[in-house]
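Here is a short note for a colleague opening this structure for the first time. Please keep the model on screen and follow the numbered points.

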Amino acid sequence: MRNDSTTSPARAAQSADTAVLLIHGFTGSRVSLAPWAEALNSAGYPTAAPALPGHETRWQDLLRVPYRQWIQATEQAFDELAATYDHVFVAGLSMGGALALHLATRRHVAGLLLVNPGLVIDSPVAPYARFIHRMVRSVAPISNDIALAGADEAAYPRTPVAAVAQLHQLFAQTRARLALVDAPILLFRSTKDNVVSEASVQALLAGLDPELPVQRVALERSQHVATLDYDAELIFQRSIEFLRDQPADQK
């Protein structure tokens, strides 16, 4: 995929008033979003998908990236879309889901499409990653949790421990801001996810305004990177329906 923020053919439908910002996951890449973006584009919805700072190069580049840069990158991409389109939805996979939620607390987002969003790191050592990284630079990868044989999200082969510390801070800040989210949510959840546990879903639902509309879709055949898995077409179909069903005054 290109290094700029727009996924081709994002500018093809200039008459459209609705666009979608897609955000990839931690140590991942826009490869995980490409089929989703293509489906949305084909349905007439322009998309943008920024490469988050420290990603799509080499894992060592993540070592010195503060989580605020990920937030800034998504806000910049959103603002660029909002300058052209009246209604901007935000879609996120894994950490991209946390960034989408955080963005919805700082911008007028028409709606959120979340696939296995992360909000909690289950490892008990995660809070200490900011100290551990001085002794251990990286650990095993968390990539390619996909049931479909041969699928590859093009993620990093190692997980930088210093970046885990930043992820932990991002998740904590996002959880603290969930009550500010006022955009309708379409939540996709895999029944088997070896990366993000139910603790993240529980934190999400507990933190949101109970009156906020949340549509839940179970992904019975997919694992964490569901956008490249067996239920990908279901995600794409329901996403398009969600975009079409939102009342104009809520977009």
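1. A definition comes first. Angles under 35 degrees count as roughly parallel, over 145 as roughly antiparallel, 65 to 115 as roughly perpendicular and the rest as oblique. Now take helix 2 and helix 5. They pack at an angle of about 60°, with their axes 8 Å apart. Helix 2 and helix 5 are therefore oblique to each other. On the helix 2 side, the contact is made by Tyr67, Trp70 and Ile71. Helix 5 brings Ala163, Gln166, Leu167, Gln169, Leu170 and Gln173. Please note that this is a predicted model.

2. Helix 5 (residues 161-177) also packs against helix 3. Here the angle is about 40° and the axes are 9 Å apart. Helix 3 and helix 5 are therefore oblique to each other. Their crossing is left-handed. Helix 3 contributes Met95, Ala98, Leu99, Leu101 and His102 to the contact. From helix 5 come Leu167, Leu170, Phe171, Gln173, Thr174 and Arg177.

3. In what order do the six strands of the open sheet run? The order is 2-1-3-4-7-8, and the pairing is parallel. Strand 2 (47-48) and strand 8 (214-219) are the edge strands. Each of them pairs on one side only.

4. Start at the strand 2 end. Strand 1 and strand 2 pair in the parallel sense over two bridges. Leucine 21 stands opposite alanine 48 in strand 2. Strand 1 is joined to strand 3 by six bridges, again running parallel. There, leucine 22 faces alanine 91 in strand 3.

5. Is strand 1 mostly covered or mostly exposed? Mostly covered: six of its six residues are buried. Thr18, Val20 and Leu22 lie on one side. Strand 4 and strand 7 pair in the parallel sense over four bridges. Leucine 114 stands opposite leucine 187 in strand 7. Six bridges join strand 7 to strand 8, and these two strands run parallel. Leucine 187 has arginine 216 of strand 8 as its bridge partner.

6. Strand 7 is also mostly covered, with six of its six residues buried. Ile185, Leu187 and Arg189 point one way from the strand. Leu186, Phe188 and Ser190 point the other way. All of these residues are buried.

7. Helix 1 lies across strand 1, strand 2, strand 3 and strand 4 (112-115). It runs at about 175° to strand 1. Helix 3 (residues 95-104) lies across strand 1, strand 3, strand 4 and strand 7 (185-190). Its angle to strand 3 is about 150°.

8. Stay with helix 1. Which of its residues are buried? They are Trp36, Ala37, Ala39, Leu40 and Asn41. These buried residues pack against strand 1, strand 2, strand 3, strand 4 and helix 7. After helix 1 comes glycine 44, whose phi is positive, near 100°.

9. Now the aromatic side chains. How many aromatic pairs does the structure hold? It holds two. One is formed by phenylalanine 26 and tryptophan 70. The pair is edge-to-face, at 6.1 Å centre to centre with 70° between the planes. Phenylalanine 26 lies in the loop between strand 1 (18-23) and helix 1 (34-42), and tryptophan 70 lies in helix 2 (residues 67-82), so the pair ties together parts that are 44 residues apart in sequence. Phenylalanine 26 counts as buried at 8% relative accessibility. Tryptophan 70 is buried too, with a relative accessible area of 0%.

10. Phenylalanine 89 and phenylalanine 242 also form an aromatic pair. This pair is edge-to-face, with 6.1 Å centre to centre and 75° between the planes. Phenylalanine 89 sits in strand 3 (residues 87-93) and phenylalanine 242 in helix 7 (residues 232-245). The pair links distant parts of the chain, 153 residues apart. Phenylalanine 89 is buried, with a relative accessible area of 0%. Phenylalanine 242 is buried at 2%.

11. One residue is worth a second look. Trp70 of helix 2 takes part in the contact with helix 5. Tryptophan 70 also forms the edge-to-face pair with phenylalanine 26.

Methods:
Residues are numbered from 1 along each chain as its sequence is written. This is a predicted model: local features need pLDDT of at least 70, side-chain atom pairs count only at pLDDT 80 or more; totals for chains, interfaces and linings use all residues. Side-chain values use heavy atoms; hydrogens and water are left out. Rings of Phe, Tyr and Trp (its six-membered ring) pair if their centres lie within 6.5 Å; planes under 30 degrees apart count as stacked, over 60 as edge-to-face and the rest as tilted. Buried means under 20% relative accessible area, exposed over 50%, partly exposed in between (1.4 Å probe, protein chains only). Two strands pair if DSSP finds at least two bridges between them. Contact means heavy atoms within 4.5 Å. Axes are lines fitted to C-alpha atoms, for helices over the stretch in contact, and angles run from 0 to 180 degrees between N-to-C directions. A crossing is left-handed if the near helix is turned anticlockwise from the far one by less than a right angle, and right-handed if clockwise.
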